[in-house]
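Hi everyone, thanks for making time.

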Amino acid sequence: MAESQSRSFGFAGKKRASGADGFEGNDLFMAKKSMLPTLAPAWENDPAAALASARHEFGEYGGVNMSIEASATFTVMEPETMRRMFAGELGPDRDFFIYSRHFNPTVLNLGRQMAAMEGTEAAYCTASGMSAISSVLLQLSSSDGHVVASRTLYGGTHALLTHFLPRACNITTTFVDICDHEAVKNAILKGRTKVLFFESMSNPTLTVANIPELSRLAHDKETMVVVDNTFAPMVLSPARLGADVVVHSISKFISGGGDVIAGAVCGPGRLVNSMMDLHQGALMLLGPTMNAKVAFELSERIPHLGLRMKEHSRRAMDYAARMKKLGFRVIYPGLEDHPQHELLKSMANKEYGFGGLLCVDMESEERANGLMDHLQNYSQFGLIAVSLGYYETLMSCSGSSTSSEMNDEEKALAGILPGLVRMSIGYIGTLEQKWSQLEKALSRMHDSTSFNEN
Ligand SMILES: *Cc1c(COP(=O)(O)O)cnc(C)c1O
């Protein structure tokens with residue numbers, strides 16, 4: 001639509017007055033309604049505190065919730081503005097938007113929340129966790145680049161590094177035991193290794209990485225540290241512990257509804273900007289964009305993420321301790337016998353517990369399947385399904401499901417036992433009601449075979 005036409009129709013609701021594009025007075029129009037602080041809030045050693053002091057976006061008509069900017073494209077008042085936006089002179093920091101694959105205000109607002117939660121300068125949200133991970137790896141390493149990664153990773157990430165990146169762009173990866181700092185140090189080649197990649201709490205073994213020490217090792221060799229914090233939002237804040245970039249699968253705890261696939265890259269402003277660059281940006285050019293309507297829904301769930309994490313953690317801790325008492329082999333970072341229990345305590349944000357996942361080693365795939373069958377179909381404790389962070393408990397046998405991208409040797413190296421049942425503990429019902437269901441299924445396992453108690 002021509003600008004003159006739009007003016008003659010009198011667009012009363014248009015945010016920018018005619019002639020105001022890019023001129024001094026423009027700031028007036030940015031300050032809609034009493035907007036709370038627009039700068040990144042000070043991180044007060046608590047992700048919930050940081051979230052509460054992040055900018056609150058109000059609706060166009062004063063609604064307590066922001067309006068959804070459900071537009072693919074954006075109009076300008078002056079033709080000249082378009083040139084200035086494409087030249088990078090005017091951008092989203094001043095409320096100038098071009099096209100929603102680039103920046104969208106609603107998606108940007110969710111990014112602001114993610115940045116506040118992780119204590120990073122900026123963040124941008126993507127269509128999935130995998131697209132966040134692949135885009136950041138492609139942005140940070142050019143062709144022939146080298147990555148050092150933990151050998152215990154989400155199956156999709158492991159396949160990306162093992163198969164896809166070497167084939168597509170000759171980016172190769174050395175896999176290491178992330179707890180063996182000497183091995184990590186030796187694997188990082190100064191001048192060649194662009195990224196050290198690991199999970200804060202690994203899938204599915206729940207190994208906790210020493211984020212400050214690993215970051216120091218990598219930074220000594222000018223290598224960027226990228227941490228997947230999907231298993232421990234709120235519990236751990238990797239960027240506050242030294243990591244450069246934090247990636248998330250929002251599809252899990254952050255969404256909490258088991259209904260959305262989404263991801264985020266949280267890191268320095270210059271990295272996020274470079275990923276949106278019109279000529280060189282991995283997010284801009286590969287295009288794994290988040291839909292604004294999805295971003296809106298997710299924004300409404302972030303305020304109660306802290307409450308949900310506390311309850312996931314409280315129940316996981318309780319069930320882990322009780323199952324252990326019954327003689328089951330339980331892996332849970334909240335238990336004192338977990339090898340990184342003290343380390344996690346020293347790094348974790350207070351009051352969010354030790355996370356919502358626990359594993360039980362049933363010693364064979366058959367017994368693992370037997371337990372899950374009892375839990376779902378006999379006592380109704382939870383659902384046999386991959387994924388995590390849902391209000392119902394979700395259970396899967398990792399070796400034959402989410403880690404099946406790895407071969408037997410890779411699984412053995414990663415410590416993924418064939419009988420390992422991973423449980424993402426939900427918070428539906430009461431703790432005691434759900435425990436009695438869990439106990440009922442466990443005692444069936446005791447009855448059906450002699451379980452080797454140790
Ligand atoms: C699920 C998951 C991913 C992938 O995220 P999607 O949103 O499914 O693309 C990456 N890392 C971890 C640790 C995950 O659990």
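Let's start with the ligand: α6 (129-140) and α7 (155-169) each give at least two residues to the shell around it. When I say helix or strand, I mean DSSP runs, H or I of at least four residues for helices and E of at least two for strands, numbered from the N terminus.

Before going on, a word on the model. It's a predicted one, where local features need pLDDT of at least 70 and side-chain atom pairs count only at pLDDT 80 or more, while totals for chains, interfaces and linings use all residues. Residue numbers start from 1 along each chain as its sequence is written.

Back to the ligand. It is surrounded by 16 residues, and the closest are Ser 128, Gly 129, Met 130, Tyr 154 and Ser 249. Being near here means that a residue's C-beta atom, placed from the backbone, lies within 6 Å of the molecule. What is the shell made of, by class? There are 4 nonpolar, 9 polar and 3 charged residues. For those classes, Ala, Val, Leu, Ile, Met, Phe, Trp, Tyr, Cys and Pro are nonpolar, Asp, Glu, Lys and Arg are charged, and the others, Gly among them, are polar.

Now the sheet with 7 strands. It's open, with mixed pairing, and the order is β1-β7-β6-β5-β4-β2-β3. At its edges are β1 (122-126) and β3 (172-176), which each pair on one side only. From one strand to the next, the twist averages 20°. Pairing, by the way, takes at least two DSSP bridges between two strands.

Look at β4 (residues 193-199) and β5 (residues 224-228): they're parallel, with 5 bridges. Leu 196, for example, has Val 225 of β5 as its bridge partner. Helix α9 (residues 211-220) packs on this sheet, where it touches β4 and β5, and its direction makes about 150° with that of β5. Contact means C-beta atoms, placed from the backbone, within 7 Å. The angles run from 0 to 180 degrees between N-to-C directions, with axes fitted to C-alpha atoms, for helices over the stretch in contact.

On to the other sheet. Its 5 strands are in the order β8-β9-β12-β11-β10, again open and with mixed pairing. The edges are β8 (329-331) and β10 (382-384), each with a single partner strand, so one side of each has no neighbour in the sheet. Here the twist averages 25° from strand to strand.

Strand β9 (residues 357-361) is antiparallel to β12 (residues 420-424), over 5 bridges. Across that pair, Leu 358 is opposite Met 423, and Cys 359 is opposite Arg 422. α13 touches β8 and β9, at about 15° to β9, while α15 (residues 365-378) touches β10, β11 (393-397) and β12, at about 160° to β11.

Is β9 enclosed or open? It's largely enclosed by the rest of the structure, because 4 of its 5 residues are buried. Buried means 20 or more other C-beta atoms within 10 Å of a residue's own, with C-beta atoms placed from the backbone.

Last stop, α13 itself (residues 305-325): 21 residues, reaching 30 Å from first C-alpha to last, close to the 30 Å expected at 1.5 Å a residue. Its buried residues include Leu 305, Met 309 and His 312.

Notes: Two residues are in contact if their C-beta atoms, placed from the backbone, lie within 7 Å. The expected span of a helix is 1.5 Å times one less than its number of residues. A residue is buried if 20 or more other C-beta atoms lie within 10 Å of its own, exposed if 12 or fewer, and partly exposed in between; C-beta atoms are placed from the backbone.
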